[in-house]
Amino acid sequence: MYKEFLENIENFSHVGVLSHERPDGDCIGAQVALCLWLEKKGIKTTAFNDDDVPENLEWLLSDVKLEKQKDKKLSACDLLILVDGNSIHRFGSFDEWFEGKSVSLWMIDHHPDPEDVFELSISAPDISSTCELIYNLITKDNPDLIDPTIAKALYTGIITDTGSLQFESVTPTTVEISADLLRRGDFKPNEVIEIIYSNKTLPQLQLLSKALQTIRLYKNNQIAVISVNGEMLKETGTSYSDTEGFVNYPLSISGVKAAVFLKDFYNEGIRMSLRSRSDIDVNAWAREIGGGGHKKAAGAWHKGPYEQAVKDVISIGAKQIDEIKKTADI
Ligand SMILES: [Mn+2]
């Protein structure tokens, strides 16, 4: 897949690179690195995203400007590459624009089940991050093209998509790549970590403090539920976008195998985020409620009220835990 990419990329003169909606460290890191590398190869690039980049990632965009998806700008490209997402619906207004167009569309991504619309793809669901894939791609071309800006962008993507090299997706190769990026970029891990993680506001921590007090354990302390409601947001002057990462706190309790984060929108319903460890498949839980996702991270809407949402998700989860135990006992 890398070979095919490298053999064909020179046929294009202006490449548009799109990162997914509600951008994160991996998609922005991948987008920046891809654009800068292609520019070094003499290929003009434009980076697109309709959404604003979180404040703690803005520094990545010092050498690459993000453009909104306007017809004129997209139409100027002879190739479009989607990064860190394998379905065109994850790229804001792109699916509407793309309908009926004949422009070449490629993809570089590490999520399972890619959509069948891409002329060429680098797709590897077992790899930690899209940035790890971009690293492989550039080094197969010419590793000396990785300058400090590209190195920091790729490192940021790997770090943010692996919980700082802690997730199951991390392999010895992921760590070796990270080390190589530190050397090539001549920077220390804390330089990136401090910008990425020391970005909280006091109201966000005050909201977290309220949320932590809601944690309840179920099914012999194997399932944890944490929640936030409109009242808490009002009291702390925050919004639901300030709850990023909250679901991971109950998951850090010893013995907890799955965590459920509930955002209570009262009459509109409940937004559920599910995370799991070990052999628990929260994708199956979410599907029963009408949502979906991955085995270890999934989401769903529940029509409410809150108590019913908790009751439903706990009964689905408890059932799966019992089934897994039964299979293990045989
Ligand atoms: Mn990713």
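In what sense do strand β2 and β3 pair, and over how many bridges?

What you have on the screen is a predicted model. Now, back to the opening question: β2, residues 44-48, and β3 pair in the parallel sense, over two bridges. If you want to find the spot, look for A47, whose bridge partner in β3 is L66.

Let's zoom out to the whole chain.

How close do the axes of α2 and α5 come, and at what angle do they cross? The axes of α2 (residues 25-40) and α5 (residues 130-141) come within 8 Å and cross at roughly 20 degrees. Angles under 35 degrees count as roughly parallel, and α2 and α5 are therefore roughly parallel to each other. The crossing of α2 past α5 is left-handed. On the α2 side, the residues are D26, C27, G29, A30, A33, L34 and W37, and they meet T130, C131, I134 and I138 of α5. Sorted by class, this contact between α2 and α5 has eight nonpolar, two polar and one charged residues.

Next, α6, residues 148-161. The axes of α5 and α6 come within 7 Å, crossing at roughly 145 degrees. From α5 we have T130, C131, E132, I134 and Y135, and from α6 we have L154, G157 and I158. By class, that contact of α5 with α6 has five nonpolar, two polar and one charged residues.

And how do α2 and α6 pack? Their axes are 7 Å apart, at an angle of about 155 degrees, which makes α2 roughly antiparallel to α6. This crossing is left-handed. The residues of α2 here are G25, D26, G29, A30, V32, A33, L36 and W37, and they meet T149, I150, A153, L154, T156, G157, T160 and D161 in α6. The classes for α2 with α6 come out as eight nonpolar, six polar and two charged residues.

Now for the other sheet. This open sheet also has six strands, but its pairing is mixed, and the order is β7-β8-β9-β10-β12-β11. Its edge strands are β7 (216-218) and β11 (292-293), each pairing on one side only. Within it, β9 (residues 258-264) and β10 (residues 270-276) pair in the antiparallel sense over seven bridges. For a landmark, find K263, which stands opposite R271 in β10.

Which helix packs on this sheet? That is α13, residues 306-329, and it touches β7, β8 (223-229), β9, β10 and β12 (297-302). The direction of α13 makes about 160 degrees with that of β9.

Notes:
Residues numbered from 1 in each chain as written. Predicted model: local features only at pLDDT ≥ 70, side-chain atom pairs only at ≥ 80, totals over all residues. Axes fitted to C-alpha atoms, helices over the stretch in contact; angles between N-to-C directions. Helix = DSSP H or I, 4+ residues; strand = E, 2+ residues; numbered from the N terminus. Parallel < 35°, antiparallel > 145°, perpendicular 65-115°, else oblique. Left-handed = near helix turned anticlockwise from the far one by under 90°. Contact = placed C-beta atoms within 7 Å. Nonpolar A, V, L, I, M, F, W, Y, C, P; charged D, E, K, R; others polar. Pairing = 2+ DSSP bridges.
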